[in-house]
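Today I open my notebook on the aromatic rings of this model. I want to know which of them pair up and where they sit.

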Amino acid sequence: MDPSQPTLPTNHAFLVQFRAQSPETPMAWEGRVEHVVSGQVTHFHALEELLTFVQHVLAGVQRQLD
């Protein structure tokens with residue numbers, strides 16, 4: 001691996017914020033996710049929604065590289 005190349009490309013970086021919950025509430029996958037480079041944002045209410053957004057954005061990143 002070339003040490004001058006980043007090991008984690010920034011075009012694959014996401015910021016994920018989870019909604020605050022009280023300690024007695026069961027874990028819920030709710031919050032906001034943002035693709036750092038493009039600024040695309042969505043709110044999610046389930047793990048599947050979070051993963052779908054990430055997959056969609058990464059597919060677009062891959063198309064740009066091809």
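**Aromatic pairs**

I looked up F53 and found it buried, at 11% relative accessibility; buried means under 20% relative accessible area, exposed over 50%, and partly exposed in between (1.4 Å probe, protein chains only).

A note on the basis: this is a predicted model, where local features need pLDDT of at least 70 and side-chain atom pairs count only at pLDDT 80 or more, while totals for chains, interfaces and linings use all residues. Residues are numbered from 1 along each chain as its sequence is written, and side-chain values use heavy atoms, with hydrogens and water left out.

Next I took the pairing rule: rings of Phe, Tyr and Trp (its six-membered ring) pair if their centres lie within 6.5 Å, with planes under 30 degrees apart called stacked, over 60 edge-to-face and the rest tilted. I get three aromatic pairs that way.

One of them is F14 with F53, edge-to-face at 6.3 Å centre to centre and 80 degrees between the planes. F14 belongs to strand β1 (residues 14-18) and F53 to helix α1 (residues 47-65), so this pair ties together parts 39 residues apart in sequence. I took helices (H or I, at least four residues) and strands (E, at least two) as DSSP runs, numbered from the N terminus. F14 is partly exposed, at 22% relative accessible area.

Then I checked F18 and W29: also an edge-to-face pair, 5.8 Å centre to centre with 70 degrees between the planes. F18 is in strand β1 and W29 in the loop between β1 and β2 (31-35), so the pair links parts 11 residues apart in sequence. F18 is partly exposed at 45%, and W29 is partly exposed at 35%.

Last entry: F18, W29 and F44 make up one aromatic cluster.
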